[in-house]
Amino acid sequence: MSENRLPLDRFHDECGVVGISGHPEASHLAYLGLYALQHRGQESAGIVVRNGTQMHVHKGTGLVADIFGQDVLRRLSGRSAIGHVRYSTAGDSTLRNAQPFLAESSRSQVAVAHNGNLTNVDTIRAELESYGSIFQSTMDSEVFVHLLARSRGDLSERLTDALSRVRGAYSLVMLCDDTLVAARDPYGFRPLSLGRLGAAWVVASETCAFDLIGAEFERDVEPGEIILIRRGRLRSIQPLPRVEERFCVFEHIYFSRPDSNVYGQNVYQTRKQLGRELAKESPVEADLVVPVLDSGCAASLGFAEAAGLPYETALIRNHYVRRTFIEPEQSIRLFGVRVKHNPIREVVAGKRIVVVEDSIVRGTTLNKLVSLLRTAGAQEIHVRVSSPPTTGSCFYGIDTPTKKELIAANHSTEEIRKMIGADTLAYLSLEALRRVEASMKHGFCDACFSGDYVALPEEATDDQLPLFKG
Ligand code: AMP
């Protein structure tokens with residue numbers, strides 16, 4: 001028997017944040033909110049709660065349900081709390097880097113949880129270190145705490161000062177002494193919503209967190225807005241210069257949960273619409289539409305509906321797959337692939353199949369699925385992708401590989417078709433994606449598809465540099 005690593009055909013999600021103010025069970029609610037946001041990060045999770053004048057933190061690696069038991073939550077009593085689920089988009093992946101990040105100075109206590117990615121963090125860090133700041137982690141989120149500690153004035157002035165220094169993407173929740181703070185960068189790259197639960201205020205990356213705790217959606221935190229909540233009262237300031245909105249389209253395509261409303265639009269319905277557009281743009285004679293579970297489901301349904309074809313979940317996914325598995329000595333054909341997906345032979349044999357996927361990144365998933373379907377006797381396999389070719393990395397909080405690993409950055413659609421072994425391959429056009437998003441009346445960031453980047457990193461890595469040149 002040998003231990004093997006499952007090929008990483010999925011990348012890692014970004015992060016999710018929650019904040020609660022003015023509720024006697026704040027940490028329980030934060031825990032449930034994180035539970036709902038688990039899809040946004042599975043590497044680590046943490047909660048900071050404020051009780052009286054003290055803040056307490058509990059963090060761990062793994063899933064929310066494994067990190068927080070009843071005893072832990074009982075110990076975390078208090079009326080305000082923030083929480084975080086993480087997969088790293090910056091910094092390495094040790095417990096040291098789990099969030100929220102809590103810091104105490106002689107003047108105050110600050111806890112911060114951050115979703116996003118700062119693009120000038122190395123410059124700020126170097127500057128802060130030259131003034132004597134000592135960093136405890138490699139997370140970009142820690143710079144918020146140091147910047148706040150060095151700022152002068154009341155809390156809103158200190159926040160304004162700190163946030164005007166950072167560039168890039170941030171949707172933040174913070175506990176600054178007795179105040180819950182929620183802030184979103186001026187472009188609004190990542191989502192952040194505000195809700196109410198009785199007299200308490202709630203903030204979360206996605207509205208599915210509100211549904212679980214029975215909170216009512218109030219509104220989104222505006223791009224560039226800083227919200228301060230203290231003793232039940234909410235104050236909003238917009239001190240940062242206004243810029244064009246750049247809400248991440250990939251939240252709608254892949255990241256967010258389908259039951260969330262992101263940027264005022266339900267994610268499931270948006271994905272379905274992308275699928276309908278795809279069917280209109282790239283129709284094909286076929287017998288069945290089969291989704292790549294789970295993120296391809298809604299787009300497949302839209303495709304099937306518009307194409308008038310039956311929808312079958314004929315590629316079953318094992319949801320309990322870990323990164324490593326023990327392989328038998330005698331190799332089994334397609335073993336590694338079947339660990340995760342298995343086609344239903346009885347449904348696919350002899351059929352012309354449209355496989356609908358939300359995105360192709362390195363091409364690994366589809367390459368395997370197409371060969372599985374062929375082995376199961378599919379007659380024709382037509383791949384349809386409900387987003388345009390991913391040709392650029394993300395610098396705003398989504399973990400995408402470098403440009404040289406992105407299959408569509410280096411190969412034509414016809415070359416990719418051959419590489420994955422499909423009979424036909426078509427992507428949704430950028431125009432169709434923009435049409436669907438435009439109906440929401442917001443400005444969007446689709447740089448990973450269009451190359452239209454704003455707020456580029458001040459510090460690009462060698463790997464990423466060609467992106468800016470080419
Ligand atoms: P690949 O197999 O490399 O082509 O990756 C495509 C698969 O990964 C699709 O099933 C997507 O749903 C999923 N995916 C795309 N982007 C990401 C991301 N940033 N993190 C996690 N999964 C992703």
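This is a predicted model: local features need pLDDT of at least 70, side-chain atom pairs count only at pLDDT 80 or more; totals for chains, interfaces and linings use all residues.
The largest nonpolar core holds 40 residues. Among its members, Tyr396, Leu433 and Phe449 touch the most others. Five helices each supply at least two residues: H8 (250–255), H9 (267–281), H10 (297–307), H16 (430–438) and H17 (447–450). Strands E15 (247–248), E22 (352–357) and E25 (444–445) each supply at least two residues as well. Domain 1 (14–246) and domain 2 (269–318 + 331–441) both give residues to this core, so the core lies between the two domains.

A second core is separate and has 30 residues. Val121, Leu148, Cys176 and Ile226 are among them.

The backbone has several sites of note. A cis peptide bond joins Gln99 to Pro100, with omega about 0°. Pro100 sits in the loop between strand E5 (80–86) and strand E6 (101–104). Leu293 and Asp294 are also joined by a cis peptide bond, and omega is again about 0°. Asp294 belongs to the loop between strand E18 (288–291) and helix H10.

Positive phi values occur in two residues other than glycine. Phi is near 55° in Tyr263 and near 60° in Lys441. Tyr263 lies in the loop between strand E16 (261–262) and strand E17 (265–266). Lys441 lies in the loop between H16 and E25. Is each side of this pair buried or exposed? Tyr263 has 4% relative accessibility, so Tyr263 counts as buried, the limit being under 20%. Lys441 has 72% relative accessibility, so Lys441 counts as exposed, the limit being over 50%.

Empty space inside the model was also examined. Rolling a probe the size of a water molecule over the atoms shows where empty space is left. A search of the whole structure finds 4 cavities of 30 Å³ or more. The second largest cavity has a volume of about 130 Å³. This cavity is lined by 17 residues. Closest to the centre are Cys248, Phe250, Cys394, Ile398 and Cys448. Helix H17 gives the largest share of the lining, 3 residues. By type, the lining divides into 13 nonpolar residues, 3 polar residues and 1 charged residue.

Technical notes
Residues are numbered from 1 along each chain as its sequence is written. Side-chain values use heavy atoms; hydrogens and water are left out. A nonpolar core is a set of buried Ala, Val, Leu, Ile, Met, Phe, Trp, Tyr and Cys residues joined through side-chain atoms within 4.5 Å. Buried means under 20% relative accessible area, exposed over 50%, partly exposed in between (1.4 Å probe, protein chains only). Helices (H or I, at least four residues) and strands (E, at least two) are DSSP runs, numbered from the N terminus. Domain bounds come from an automatic or database domain assignment. On a 1 Å grid over the protein atoms alone, a cavity is a set of points where a 1.4 Å probe fits but cannot get out, and a pocket is an open set with protein on both sides within 12 Å along at least five of seven lines; lining residues have an atom within 4 Å of a point. Grid points are joined across faces, edges and corners, and a volume is the space filled by probe spheres set on the points. Ala, Val, Leu, Ile, Met, Phe, Trp, Tyr, Cys and Pro count as nonpolar, Asp, Glu, Lys and Arg as charged, and the others, Gly among them, as polar.
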